[in-house]
Amino acid sequence: MMASTYPLAGQVVGRVGFGAMQLPGPGVFGPPRDRDAALAVLRAAVDAGVNHIDTSQYYGPDIANELIRESLHPYPSDLVLVSKVGGKRDERGGWLAAQNPDELRSGVEENLASLRLDQVPVVNLRRIEGSVPLDEQLDAMVAMRDEGLIGGIGLSNVTVGEYRLARERTDLACVQNGFNLAMRDSADLVVECEGDGVAFVPFFPLGSAFSTTNPVLGAPEVLSVARRTGATPAQVALAWLLHLAPHVLLIPGTSSLEHLRENLAARSVDLDAEAMAELATVAPAPIRREA
Ligand SMILES: NC(=O)c1ccc[n+]([C@@H]2O[C@H](COP(=O)([O-])OP(=O)(O)OC[C@H]3O[C@@H](n4cnc5c(N)ncnc54)[C@H](OP(=O)(O)O)[C@@H]3O)[C@@H](O)[C@H]2O)c1
């Protein structure tokens, strides 16, 4: 039977969590089209047993965290809120790097204030290539964990080499890289995290909201397995990830109650060997990235 929970930063979380990136307005910028609906999605997620929510101060900016605070504070004791630092937005919604150690600290402080927390349970260091050396950033993250501002340190958008370097310096709670049926260049890292007992949390599990033609939900293999199993394409995409290994934790993003329920029901979608083999052909064999 498939495991339904996995440890994350000292708590045990359900393997299907929730990603808050779809809650702000279009382009993850500004207020939601329907604020009450966004609040309802967050409450429904927790009511349905979700205890792992992924967010960021720069979703909105500020908006996703404010919605989480308004709908869920005071937080259930088992809720693991995971935020990230390393980015910021310009006044038109452009995505900018904020990778210096002092910017990482400001990012954590902003999360503490907007989420109304004394400690953010987990903070991912969201790396942006070509910027500040990783060891300087890790020193800043470790210092903030030592001070109690963050409970666990995660990494996002890293190579296997960066992951290994970080593991030599400190414990890690999780790794969050882009990964889905059609995008598998972090496959080596998925395997390495499993061996180390570190949660792997794929972002873009459904193929993301950023592309007009969705390479996951529109893949013929996904549609074929969905027809055969009676599951929806989104459920097939999520169930495939759940079947990979027990340390894979999901944070599908949605602004819709209907999609939320559909995504949570992926927990009980069983994929047999034939379905897994067919889905394996959605993407070519994983590219081995240079460490
Ligand atoms: N570390 C990073 O750099 C990073 C980057 C990106 C994302 N993330 C995190 O990862 C989470 C997941 O990624 P994501 O939200 O960008 O992409 P995603 O989960 O792959 O896909 C979200 C898109 O799928 C749609 N969707 C959701 N459920 C659906 C369903 N059942 N059927 C059909 N469409 C469905 C959503 O639209 P509706 O709103 O209409 O449902 C939205 O357009 C984010 O929420 C965020 O927390 C992290």
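**Questions on a predicted model**

Colleague: What percentage of the residues in the protein is buried?

Modeller: This is a predicted model. A residue is counted as buried if 20 or more other C-beta atoms lie within 10 Å of its own. Of the 291 residues in the protein, the buried ones make up 46%.

Colleague: What radius of gyration does the protein have, and what would a compact globule have?

Modeller: For 291 residues, a compact globule would have a radius near 19 Å. The value for the protein agrees with this, being 18 Å.

Colleague: Which strands stand at the edges of the open sheet?

Modeller: The open sheet has seven strands with parallel pairing, in the order 3-4-5-8-9-10-11.

Colleague: Which residue in strand 5 is the bridge partner of histidine 52?

Modeller: Strand 4 (residues 52–54) pairs with strand 5 (residues 80–85) in the parallel sense, over three bridges. In strand 5, the partner of histidine 52 is valine 80.

Colleague: At what angle do helix 2 and helix 3 pack, and how many residues of their contact are charged?

Modeller: Helix 2 (residues 63–72) and helix 3 (residues 101–115) have their axes 8 Å apart and pack at an angle of about 35 degrees. Helix 2 contributes Asn65, Glu66, Ile68 and Arg69 to the contact, and helix 3 contributes Asn111, Ser114 and Leu115. Among the residues of this contact, two are nonpolar, three are polar, and the number charged is two.

Terms used
Residues are numbered from 1 along each chain as its sequence is written. This is a predicted model: local features need pLDDT of at least 70, side-chain atom pairs count only at pLDDT 80 or more; totals for chains, interfaces and linings use all residues. Axes are lines fitted to C-alpha atoms, for helices over the stretch in contact, and angles run from 0 to 180 degrees between N-to-C directions. Helices (H or I, at least four residues) and strands (E, at least two) are DSSP runs, numbered from the N terminus. Two residues are in contact if their C-beta atoms, placed from the backbone, lie within 7 Å. Ala, Val, Leu, Ile, Met, Phe, Trp, Tyr, Cys and Pro count as nonpolar, Asp, Glu, Lys and Arg as charged, and the others, Gly among them, as polar. Two strands pair if DSSP finds at least two bridges between them. The radius of gyration is taken over C-alpha atoms; the globule rule is 2.2 Å times the number of residues to the power 0.38. A residue is buried if 20 or more other C-beta atoms lie within 10 Å of its own, exposed if 12 or fewer, and partly exposed in between; C-beta atoms are placed from the backbone.
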